[in-house]
Amino acid sequence: MEMHISSSVFSILDPTGIFSDPFLMKSRFSCLGFILLIFYMTAWSQEQVKYTLSGQIRAASSNESLIAVTVFIPELNTGVSTNKYGFYSVSLDPGTYTLEVSSIGYRKHTEIIDLNENYRLDIFLESFVEELDEVIITENIEKVDIRNPQMSITALSVETMKDIPLVFGEADVVSSILLLPGVSNAGEGSTGFNVRGGAADQNLVLLDEAMIYNPSHLFGFFSVFNPDAIKDMTLYKGGIPARYGGRVSSVLEVYQKEGNSKEYKISGGIGTIAGRLMAEGPIVRDKSAFLLGGRASYGQYFLPALDIDNSAYFYDLNAKVHYEFNERNKLYLSGYFGRDNFSLDGNYANTYGNTVVNLRWNHLFSEKLFSNLSFIYTDYFFGLDLDLEGFRWDSNVRQLNFKFDLNNFNSEKVTTRYGFHNIYYEFNPGTINPLGPDSEIQRSQLTRKYANEFAAYVEIENYFSEKFSMQYGARLSIFMRLAQGDFYQYENDEPVLFDPFLLTYVEAEPVFNDNGAPDFFSDGAGTGISELYANLEPRISMSYRFNPNTSVKASYNRIAQYVHLLSNTNSPSPVDVWTPSGPYIKPQIADQYALGFYRNFKSGLFSLETEVFYKDIDNRIDYIDGADLIANEAIERVILNGEARAYGVEFLFRLNHEKFKGWFAYTYSRSEQRTPGRTPKVDNNRSNKETGINLGQWYSTPYDKPHDLSIYGSYLPNRQWTISANFVYQTGRPTNYPLGQFEFQGLGVPYYGLRNTERLPDYHRLDLSARFVPKGNQKRRLQSEWVFSIYNVYNRQNAASINFRRNQETGVNEAVQTSIFGIVPAVTYNFKF
């Protein structure tokens, strides 16, 4: 059903006439509905209460604000949690209340207050040292929250990440979440990660609210997150709140520590192939602090001794300062800089990395209204040197992000969030420079692309009763592809043509003018709008609690993604190109539905989380056969818009004992995509009928792994030792094998069937680690620990790829398997003082 709204209504709501623009005609109803939704929900959620209790919760030893601390009021059987900046607020009737404040790693704090006016109460939690015969149990941030309507969310503590056995013995955020249900990657040596059948570019990765385009170092063996600098990590797989947008699969949100404002501290570690060092301390005691950390690999220095000309290394830097003007105003400045370098025989070199700078201002308007204003700069650079070809290719994505978020603690039952974000993009698909004086390559610049993305959102979390709660809201996103100087024009506006005789797609030639040059439509770079998209993105999650230990949850979210990673390999590579939506590339639109059952056993000693999900994505980019993506001036000539779907069931069984902890995670899921022919259904001319890519049939995505099993366990036999192990099993990823070959001019040419019909052998491995803390470590100024690990204990040669070649001696074709790792022992020494 198509709905229309009279122009008289819009003349009132839109006196400037902006929505009379032809680009926005189709979004009038969505925009009006969103405006009315904001007015309705904001007004409806304003519940009048008499007094407000608010404040910040910090660590007593460092003055660091603490995230997700539980403030529980037993008299009301209700509570709140601190936000990402350690702030809490709850509005109550006058009376006497007991506050129970708890967080993992800290002693529970209990305080009785007599509330007869608005009252600010800052709380400082004392950390504890575990003793063998007296284990202090605290609130576990990893335990499922039965009552909270948010579902499909995962939080891992830094301590848990440090116990998980990983390659080279280094604690790592991305490698740790791969052991959780619904999360996987394309295999060893692959960058990024995949969530619920989504592609790696469909994950929104945030470091202190700044966007990270590539979260990996050394081809995925390390992530960009320094474990010593991390304060909090949260992964949203579904039911994504309205305050997040721009990526259709997941949100990985990581916050850095603020720095110790009480005393100076230094920590670090020396590993098998990399080391790290971090310093923090007060600038003005209890008001201002700094944090400075760095990491670097040094494995490349040993390669010449092994007569290896190749090189691969990385380095990065984390920095953060903050200043607290008063209890209502705090300023943060944080940054990250990282680079990876890889060279092969001196003839090939690749450099890539992220740069982010973020200036944030926290302001407390009242005891109920918290705000955060951010200015963020992001630059993702990737370059390629090809000595044999005589040129260097540099590309990058830059963005300026302005965001303003407000958090209104209306009452103990209702919390409202609202705000707006604006991102300005500049895409440089390639600058080509000659290498050396003898190069025949001329300097050239591929056309830069510009875009702007605006979003406004509102979300409400409402606890209607002891049993039923909801989180609901909406996000309005408007994406403007700005004029870039020139766009090619094509006959019938089709940059990709179908050859009915060869049954293949081919690149269309641009329309030429009378002078024999391609025709362009242009408004001048950075001026004017060449394409505009507007989408209303509703979000809703709900929870029904049968009893204090059992609940069911359901969620739905719609998300629009306007920027895309162009990659026709099985996993992203550093030279893949980001591009914005525009005249020929439509935004991806995802709808995800999820239903879950949750149960705690024996006061949270055990927990069970089970979720089923279904996700469909419109306008998923697909590539014609033989597509060339690097330095392609007209990328629209090799891509088509298709669709994708993913569905599955996830199980997570956790154990949280003072000596034993771990989980059993299993996922069964499918991830598929298809690109049917574009022939209109009314066209009965068989000669015009397009077959689509892969004959228009559904086929497995490169990250489709139906069975994914992870088992992790950790045991503390005494105060000195922590023994950990994990086992991973995954279905082999899809691939293509040749069906046969034919002879052409004396050469054997293989031919292939439909896409991704074969699979690599199944993947599995067992990892072990032991962490040793010397006796009396806590009483020493210099505290240290040793971590011993073995990755892939039984030396499984997991296939990264299988290629076919002709044996030069026998002349017989043979399959050759490439594996990245066998068994990898490692030792890491960590210290702090």
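**View 1. Strand β53 pairs with β18 and with β50.** Strand β18 (residues 265–270) and strand β53 (residues 824–832) run antiparallel, joined by 4 bridges. G268 has F831 of β53 as its bridge partner. Strand β50 (residues 783–791) also runs antiparallel to β53, through 9 bridges. There, Y791 stands opposite V824. Strands are DSSP runs of E with at least two residues; helices are runs of H or I with at least four residues; both are numbered from the N terminus. Two strands pair if DSSP finds at least two bridges between them. This is a predicted model, in which local features need pLDDT of at least 70 and side-chain atom pairs count only at pLDDT 80 or more, while totals for chains, interfaces and linings use all residues. Residues are numbered from 1 along each chain as its sequence is written, and side-chain values use heavy atoms, with hydrogens and water left out.

**View 2. The whole protein in totals.** The secondary structure comes to 4 helices and 53 strands. Of the 833 residues, 54% are buried. Buried means under 20% relative accessible area, exposed means over 50%, and partly exposed lies in between (1.4 Å probe, protein chains only). The accessible surface is about 36,300 Å², and carbon and sulfur atoms hold 56% of that area. These areas come from the Shrake-Rupley method with a 1.4 Å probe; for residues, only the protein chains shown count as cover. Among contacts between residues at least 6 apart in sequence, 66% join residues at least 24 apart. Contact means heavy atoms within 4.5 Å.

**View 3. A mixed open sheet of 5 strands.** The strand order is β9-β16-β17-β12-β13. The edge strands are β9 (153–155) and β13 (210–211), and each pairs on one side only. β9 meets strand β16 (residues 230–236) in the antiparallel sense, over 3 bridges. A155 has T234 of β16 as its bridge partner.

**View 4. The largest nonpolar core, and L252 inside it.** This core has 45 residues. The residues with the most contacts inside it are F168, I177, F193, F222, F225, L252 and W663. Two or more residues each come from α3 (158–163), α4 (173–177), β12 (203–207), β16, β17 (250–256) and β41 (660–674). Leaving aside residues up to four places away in sequence, L252 touches V173, I177, F193, L204, V205, L206, F225, M233, T234 and L235. A second, separate core has 34 residues, including I240, F391, F479 and A644. A nonpolar core is a set of buried Ala, Val, Leu, Ile, Met, Phe, Trp, Tyr and Cys residues joined through side-chain atoms within 4.5 Å.

**View 5. An antiparallel open sheet of 4 strands.** The order is β3-β2-β5-β6. The edges are β3 (78–81) and β6 (109–115), each pairing on one side only. The twist averages 25° from one strand to the next. Axes are lines fitted to C-alpha atoms, for helices over the stretch in contact, and angles run from 0 to 180 degrees between N-to-C directions. Strand β5 (residues 95–102) and β6 are joined by 7 bridges. V101 stands opposite H109 in β6. In a regular strand the side chains alternate between the two faces of the sheet.

**View 6. N194 and its surroundings.** N194 lies in strand β11 (residues 194–195). N194 counts as buried because its relative accessibility is 6%. The N194 side chain reaches the backbone oxygen of G198 at 3.0 Å. Such a polar contact is a pair of N or O atoms within 3.5 Å; within protein, one must be able to donate a hydrogen and the other to accept it, and residues adjacent in sequence count only if both atoms are side-chain atoms. Beyond residues up to four places away in sequence, N194 touches G182, V183, S184, N185, A186, A199, A200, N203 and Y703.

**View 7. S311 in strand β21.** The strand covers residues 311–326. S311 has a relative accessible area of 19%, so S311 is buried. Not counting residues up to four places away in sequence, S311 touches Q300, L303, N341, F342 and S343.

View 8. A68 is partly exposed, at a relative accessible area of 32%. N756 sits in the loop between β47 (747–751) and β48 (758–759). At 14% relative accessibility, N756 is buried.
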